[in-house]
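Welcome, and please take a moment to look at the model shown here. The paragraphs after it will lead you through it step by step.

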Amino acid sequence: MSTGLYAYALTRDADEAEVVGVNGISDAPLHLVDQDGLSAVVSEVSLDEFGEEGLRRNLEDLGWLESVALAHDRVTRHVAEHAPTAPLRLATVFLGEDSLRAQLRQWHDQAERALDRISGRSEWSVKAYVDPAADDPAPTEGEPPKGAGAGRAYLERRREATQRREARAQSWASTADELHEALASGCVAGRRLAPQDRRLTGHTGEMVLNGTYLVDDAGVESFRTSVEAAAAKHPKVRVELAGPWPPYSFASLDEPGTT
Amino acid sequence: MTEPTTSRTTDRDITGGLVSRPSGNPANEPLQPVALVDLLDRLLGAGVVISGDLVISLAGVDLVQVRLHALIASVRAEMVPR
């Protein structure tokens with residue numbers, strides 16, 4: 001059975017001793033591959049499972065995807081507790097150590113910049129929800145007219161209802177913009193991800209903001225305060241803060257040096 | 001409800017909860033496990049799945065997305081006691 005190397009993350013100043021005893025995917029032991037001051041955190045994986053063909057098949061296997069994603073997060077968090085860590089994409093697989101080293105040489109400058117950017121910082125998620133039922137504008141009052149005017153009145157009400165819905169969506173969008181701007185200005189970098197579908201998360205209400213923020217470890221308290229202040233300013237919105245997480249959204253190697 | 005809530009799931013399986021990140025900040029909090037849906041948001045990004053030696057362009061990204069819906073629904077069913 002041929003094997004490849006699954007790379008979880010790039011790091012520097014890490015000590016192999018810190019990953020000894022930690023298991024990765026399929027309980028394979030972790031180790032570091034060092035190249036020019038940069039280290040990749042890897043474990044061996046079967047190429048039956050993680051080769052091109054295997055991945056094509058397995059990425060559609062939900063249980064497989066889940067277990068790989070959770071192992072990826074577990075390893076990344078472990079390494080990130082010890083040293084600046086740039087998480088790699090899911091299923092970053094190398095056919096051997098030589099090609100990994102070649103890639104590390106090629107990634108070197110971008111990786112150094114990414115590690116500089118996230119060093120001593122973590123990712124925090126802020127989601128904001130509105131409750132459409134509670135935010136439902138009052139329907140038009142009064143008895144529906146009868147007789148000749150009824151059809152016209154009906155169309156009129158329909159038109160007004162559409163306008164109210166549009167106005168409400170507009171107001172949610174600007175609330176989300178305001179929240180995001182307030183939070184992003186109080187941290188190193190902020191980014192908006194697509195709001196998640198309620199069917200995936202089981203949340204109640206409507207997610208209007210799925211924001212993610214890179215926060216200095218020393219600035220966590222002030223970030224919390226700004227989240228609370230932003231939430232207090234928008235009483236109709238439910239705000240959820242989660243973290244700290246490894247800097248998944250802020251360590252891309254293909255990102256320009258500025259955020 | 002305007003109070004922000006913080007997820008503080010304790011995760012001691014590998015870190016022992018005793019380590020701190022080298023930021024020079026004594027109040028450092030241990031990194032928290034990321035919920036699967038948030039993790040996939042980030043690890044799969046905009047449908048870019050593979051890097052390294054293997055390049056698989058998933059023309060079927062849509063398919064993966066659809067299946068993710070099912071995945072997360074099933075995960076949720078297991079996690080949410082109802």
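A residue counts as buried under 20% relative accessible area, as exposed over 50%, and as partly exposed in between. With a relative accessible area of 24%, A:T201 is therefore partly exposed. You will find A:T201 in helix 6 of chain A, which covers residues 198-201. From A:T201, look for A:E221, which is 20 residues away along the chain. The C-alpha atoms of these two residues are separated by 27 Å.

Before going further, please keep in mind that this is a predicted model. For the complex, the predictor gives an ipTM of 0.82 and a pTM of 0.79. How does chain B score on pLDDT, on average? The average for chain B is 54, and 21% of the residues score at least 70. Within chain B, helix 1 (residues 36-43) has the highest confidence, at 83, while strand 1 (residues 5-7) has the lowest, at a mean of 45. Residues 5-19 of chain B have a pLDDT below 50, yet in the model this stretch has 25 contacts beyond near neighbours in sequence. Another stretch of chain B, residues 55-64, also stays under 50 in pLDDT. For residues 55-64 of chain B, the model has 11 contacts beyond four places in sequence. Where pLDDT is low, the predicted coordinates should not be read in detail.

With that caution in hand, let us follow chain B. Chain B holds 2 helices and 2 strands, and from the N terminus on these elements run β-α-β-α. Of its 82 residues, 37% count as buried. What about helix 1 of chain B: is it enclosed or open? Helix 1 of chain B is largely enclosed by the rest of the structure, because 7 of its 8 residues are buried. The buried residues of helix 1 of chain B are B:L36, B:V37, B:D38, B:L39, B:L40, B:R42 and B:L43.

Now see where helix 1 of chain B meets chain A. Helix 1 of chain B packs with helix 3 of chain A at an angle of about 80°, and their axes are 10 Å apart. These two helices are therefore roughly perpendicular to each other. On the chain A side, helix 3 makes the contact with A:L65, A:E66, A:A69, A:L70, A:H72 and A:D73, and on the chain B side, helix 1 makes it with B:L36, B:L39, B:L40 and B:L43. Sorted by class, the residues of this contact are 7 nonpolar, 1 polar and 2 charged. An α-helix has 3.6 residues a turn, so residues three or four places apart point the same way.

Another helix pair lies within chain A. Helix 5 (residues 150-184) of chain A packs with helix 7 (residues 220-233) of chain A at an angle of about 160°, with a distance of 9 Å between their axes. That angle makes helix 5 of chain A roughly antiparallel to helix 7 of chain A, and the crossing of the two is right-handed. Which residues make this contact? From helix 5 of chain A come A:E178, A:L179 and A:L183, and from helix 7 of chain A come A:F223, A:S226, A:V227, A:A230 and A:K233. This contact has 5 nonpolar, 1 polar and 2 charged residues.

Most residues other than glycine have a negative phi, and most peptide bonds are trans. A:D27 is not a glycine, although it has a positive phi of about 60°. A:D27 sits in the loop between strand 1 (3-11) and strand 2 (31-35) of chain A, and at 57% relative accessibility A:D27 counts as exposed. A:A91, which is not a glycine, has a positive phi of about 60°. The place of A:A91 is strand 4 (residues 85-94) of chain A, and A:A91 is buried, with a relative accessible area of 1%. The peptide bond from A:G243 to A:P244 is cis, with omega near 0°, and A:P244 belongs to strand 8 (residues 237-245) of chain A.

For a last stop, find A:E60 in the loop between helix 2 (52-58) and helix 3 (62-80) of chain A. A:E60 is partly exposed, at a relative accessible area of 29%. From C-alpha to C-alpha, A:E60 and A:A161 are 42 Å apart in space, and in sequence they are 101 residues apart.

Notes:
Residues numbered from 1 in each chain as written. Chains lettered and ligands numbered in written order. Predicted model: local features only at pLDDT ≥ 70, side-chain atom pairs only at ≥ 80, totals over all residues. Heavy atoms only, no water. pLDDT = per-residue confidence, 0-100. Helix = DSSP H or I, 4+ residues; strand = E, 2+ residues; numbered from the N terminus. Contact = heavy atoms within 4.5 Å. Axes fitted to C-alpha atoms, helices over the stretch in contact; angles between N-to-C directions. Parallel < 35°, antiparallel > 145°, perpendicular 65-115°, else oblique. Left-handed = near helix turned anticlockwise from the far one by under 90°. Nonpolar A, V, L, I, M, F, W, Y, C, P; charged D, E, K, R; others polar. Buried < 20%, exposed > 50% of the residue type's maximum accessible area, 1.4 Å probe, protein only.
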